[in-house]
Amino acid sequence: MSEEEQNPAAVPTPMSDIQGDGRWMSMHNHFVSSSKDKEPEVVFIGDSNVQIMHQFEVWRELFSPLHALNFGGLSDGTQHVLWRLENGELDHVKPKIIVLWVGTYNQGHSAEQIAGGILAIVRCIYQRQPQAKVIVMALLPRGKNPNPLRNRNLQVNKLLEETLPSLPNAFLLDADPGFVHSDGTISHHDMYDYLHLSRHGYARVCPNLHRTLLQFLEGRDTPSSQ
């Protein structure tokens, strides 16, 4: 059994239908069908951080002009995104760039397991879209005050920083503008529930990502430092 097969965060798994209304699978099927008549240059894939971005003007102002598709899920973990990609969400598109933002919603997984799940997704993307550059968004801090999940996310980022350069066309982008204040707290103005970004939070995160996308679309092999 391979290391990935032993890692629950790297085993493709559909989201459990806890609510009983099939919303997650309906969302997945919508992404697959709606992509058939699209020719995006950029595809965003991930969890609620990606999905909610689509609701704000920052998406329309910065990313819609780049012919971007938003495949943001609900509270997806790495295993759920991996299942989605292995079941058709990249079958009908050929983007230049894929933005991956997932990991903070993984429940019961260690930092090592989450990082392994993200790396498994990057490998899956490369197998299906070898022409695409993959921007992996570093996980943001979470919680109003210091807590174990914030520490876990930080460790995931450190592991990705060490391992991601070994994969082709993959780049780690830390877009955290400094959400944690000097006293260790996060403001509800940036994260309204200390997990999901507010409009103000997206306005702080997205310009850095937008600049990086433009650099790649202009043909630069690596993004310049900000």
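The stops proceed from an annotated domain to the nonpolar cores, then to a helix, and finally to the salt bridges.

**Before starting**

This is a predicted model, in which local features need pLDDT of at least 70 and side-chain atom pairs count only at pLDDT 80 or more, while totals for chains, interfaces and linings use all residues. Residues are numbered from 1 along each chain as its sequence is written, and side-chain values use heavy atoms, with hydrogens and water left out.

**Stop 1: the annotated domain**

Select residues 44-204, where an unreviewed UniProt entry places the feature "domain: SGNH hydrolase-type esterase". UniProt positions are given in the numbering used here, feature names are shortened, and annotations may be inferred rather than shown by experiment. The span is 39% helix and 14% strand, and its end C-alpha atoms lie 18 Å apart. Helices (H or I, at least four residues) and strands (E, at least two) are DSSP runs, numbered from the N terminus.

**Stop 2: the nonpolar cores**

Next, select Ile45 and Leu100. Of the 37 residues in the largest nonpolar core, these two touch the most other members. The elements that give two or more residues to this core include α2 (23-34), β1 (42-46), β3 (97-101) and α6 (111-128). Which element gives the most to this core? The answer is α6, with ten residues.

A nonpolar core is a set of buried Ala, Val, Leu, Ile, Met, Phe, Trp, Tyr and Cys residues joined through side-chain atoms within 4.5 Å. Buried means under 20% relative accessible area, exposed means over 50%, and partly exposed lies in between (1.4 Å probe, protein chains only).

Display the surroundings of Ile45: among the residues that it touches are Val50, Phe71, Val81, Leu90 and Trp101, when residues up to four places away in sequence are not counted. Contact here means heavy atoms within 4.5 Å. A second, separate core of 31 residues includes Val58, Ala68, Leu197 and Val205.

**Stop 3: helix α5**

Now select α5 (78-86). Because eight of its nine residues are buried, α5 is largely enclosed by the rest of the structure. Among the buried residues are Thr78, His80, Trp83 and Arg84. The buried residues of α5 pack against α2, β1, β2, β3 and α6. Gly88 follows α5 and has a positive phi, near 110 degrees.

**Stop 4: the salt bridges**

Side chains of opposite charge can pair when their charged atoms come close. A salt bridge is a side-chain nitrogen of Lys or Arg within 4 Å of a carboxyl oxygen of Asp or Glu. By this rule, the count comes to seven.

- Select Asp37 and Lys38, whose closest N and O atoms are 3.3 Å apart in a salt bridge. Asp37 counts as exposed, at 62% relative accessibility, whereas Lys38 is partly exposed, at 35%.
- Select Lys96 and Glu41, which meet in a salt bridge (2.9 Å, N to O). Lys96 lies in the loop between α5 and β3 and Glu41 in the loop between α2 and β1, 55 residues apart.
- Select Arg199 and Glu57, which meet in a salt bridge (3.0 Å, N to O). Arg199 lies in helix α8 (residues 199-217) and Glu57 in helix α4 (residues 57-63), so the pair ties together parts that are 142 residues apart in sequence.
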